[in-house]
Amino acid sequence: MSKLINVTFIDITTGITLGIYEVPLEQLPQSFEVATTLNMGGSDWSIEDAEPKMAEEFIATGELTLKMRQLKKVKTDDILFSLPTISGHIPTDISKATQFNDFIFTMHEDNWRQYEFLNKSSFPLIDLEIDKIKEVKTQHTKTVDKSLTAFTKCHLRTTINTPDLDIDLNKLKELLDATELGSFALKGYEGFVPASFALKTSKTTYYGRLKGDKVVELSIADFSEHTINEIKQVVDVFEVVFIDWCNCEVIGAV
């Protein structure tokens, strides 16, 4: 006969005990240290906490407490996006070591490469991506309130992978009059973007990735009237183009 475990189910949102049931051991996982979902009463619940977490422990005591959160299904028509586009090449690998230590720059992953420099050879792919973004902005917008417009669709940019720029890091620092060289991390990741760097100027922060001493990816944190002169300098000196993807603006187009 299968061993029964006395399991207490608690709704973590309300703190209410949903029930106490005897559950056959073979219906329980060996560990709750990984994400676990169960179906209860026709609804899916995620296990947020388990006491104890390991099977050998609740086998020994015959007792297990599960704190759960109900998973609610969302209609796709109800999903709204704050941005009309994001990069499809967000780096997921991390490095524990920093290459530059003057400061650490962090940013949400949705902002990765939203304002970026590309080679002129990236045309006509740039135009292709901009056409897709314009379609989202004209056909998939929703007014939330007087100050906020959201989008029912978000275009994932995938056609331009690594920009493969060829910019000398020291020349870039000199051009921007940047004296601090830091490392770059995406928020929520326990480490740094590999081969990354960040440069502070009086107007904004530049970030990107290196191959040796060459900048192969280059973006800025903020694009505004205060940064436009710096951007034009980079565009002119290194013969690249600058893209503000969300606003479909290009500087240095041929």
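Arg-113 lies in the loop between strand 7 (104–107) and strand 8, where strands (E, at least two residues) and helices (H or I, at least four residues) are DSSP runs numbered from the N terminus. In this predicted model, local features need pLDDT of at least 70 and side-chain atom pairs count only at pLDDT 80 or more, while totals for chains, interfaces and linings use all residues. Residues are numbered from 1 along each chain as its sequence is written, and side-chain values use heavy atoms, with hydrogens and water left out.

Although Arg-113 is not a glycine, it has a positive phi of about 60 degrees. Arg-113 is buried, with a relative accessible area of 4%; buried means under 20% relative accessible area, exposed over 50%, and partly exposed in between, with a 1.4 Å probe and protein chains only. A positive value in a residue other than glycine is also found at Glu-239, whose phi is near 55 degrees. Glu-239 belongs to the loop between helix 4 (228–238) and strand 17 (240–244), and it is exposed, with a relative accessible area of 57%.

Arg-113 is also among the residues touched by Arg-157, which is found in strand 11 (residues 155–157). The other contacts of Arg-157 (heavy atoms within 4.5 Å), not counting residues up to four places away in sequence, include Trp-112, Gln-114, Glu-129 and Trp-245. Arg-157 is buried yet has no salt bridge, the nearest side chain of opposite charge being Glu-116, 4.7 Å away. A salt bridge here is a side-chain nitrogen of Lys or Arg within 4 Å of a carboxyl oxygen of Asp or Glu, and Lys and Arg count as positive, Asp and Glu as negative, with His and the chain ends not counted. The side chain of Arg-157 is instead joined to that of Thr-85 by a polar contact of 3.0 Å, a term for a pair of N or O atoms within 3.5 Å of which, within protein, one must be able to donate a hydrogen and the other to accept it, residues adjacent in sequence counting only if both atoms are side-chain atoms.

Strand 14 pairs in the antiparallel sense with strand 13 (residues 181–186) over two bridges, pairing being assigned if DSSP finds at least two bridges between two strands, and Leu-199 is the bridge partner of Leu-181. Five bridges join strand 14 to strand 15 (residues 205–211), again antiparallel, and the two form a hairpin with four residues between them.
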